[in-house]
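Student: I'm new to this one. Could you walk me through how to read it?

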Amino acid sequence: MFEPRIISDSTVGELRVLSVETCPEVCSVRIDIAVKGDTVHRVQYYRGCEGNTSGVDALIAGMKVSDAISRLEGIDCHGRGTSCPDQLARALKLL
């Protein structure tokens, strides 16, 4: 129900780049995630609150994927059952 849908999954050099469409319950519509090995390299949200989503990117860049999942998973936005950070955690689980 709240699971993001993979749009594309590719490798560019040492980076694996995953693009996902988020569920309709959140403000963002897409998340691009670049991972190098088991470490988050960069995240880019499309739409949503730019300040918050840029903050999430800055905070998890360089973090282990498993640590990012454990910190972001389950964050709820206004009783929607998910949030932009939770959608990122769900997307990271698809790697």
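Predicted model: local features only at pLDDT ≥ 70, side-chain atom pairs only at ≥ 80, totals over all residues.

Student: Where does Ser-19 lie, and which side chain does its own side chain make a polar contact with?

Tutor: Ser-19 is part of strand E2. Its side chain makes a polar contact with the side chain of Asp-32, at 2.6 Å.

Student: Is Ser-19 buried or exposed?

Tutor: Buried means under 20% relative accessible area. Ser-19 has 7% relative accessibility, so it counts as buried.

Student: Let's zoom out. How many helices and strands does the protein have?

Tutor: There are three helices and four strands. Read from the N terminus on, the elements go β-β-β-β-α-α-α.

Student: And what about its overall dimensions?

Tutor: The C-alpha atoms fill a box of roughly 40 × 25 × 20 Å along the principal axes. A compact globule with 95 residues would have a radius of gyration near 12 Å, and the protein has 12 Å, so the two agree. Of the 95 residues, 40% count as buried.

Student: How many residues of helix H3 are buried?

Tutor: Nine of its nine residues, so H3, which spans residues 84–92, is mostly covered. What covers its buried residues includes strands E2, E3 and E4, along with helices H1 and H2.

Student: Which residue caps the N-terminal end of H3?

Tutor: That's Ser-83: one of its side-chain oxygens lies 3.1 Å from the backbone nitrogen of Asp-86.

Student: I see cysteines here. How many disulfides are there?

Tutor: First the general idea: a disulfide is a covalent bond between the sulfur atoms of two cysteines. Here the count comes to zero. Cys-49 is in no disulfide, and the nearest cysteine sulfur, that of Cys-27, is 8.1 Å away.

Student: Last topic, the rings. What lies over the face of Tyr-46?

Tutor: Arg-30 does, at 4.1 Å from the ring centre. As for aromatic pairs, the structure holds zero.

Key: Residues numbered from 1 in each chain as written. Heavy atoms only, no water. Phe/Tyr/Trp six-rings, centres within 6.5 Å; stacked < 30°, edge-to-face > 60°. Lys NZ or Arg CZ within 6 Å of the ring centre and 35° of its normal. Buried < 20%, exposed > 50% of the residue type's maximum accessible area, 1.4 Å probe, protein only. Helix = DSSP H or I, 4+ residues; strand = E, 2+ residues; numbered from the N terminus. Contact = heavy atoms within 4.5 Å. Polar contact = N/O pair within 3.5 Å; in protein donor to acceptor, adjacent residues only side chain to side chain. Disulfide = S-S within 2.5 Å. Rg over C-alpha atoms; globule rule 2.2 N^0.38 Å.
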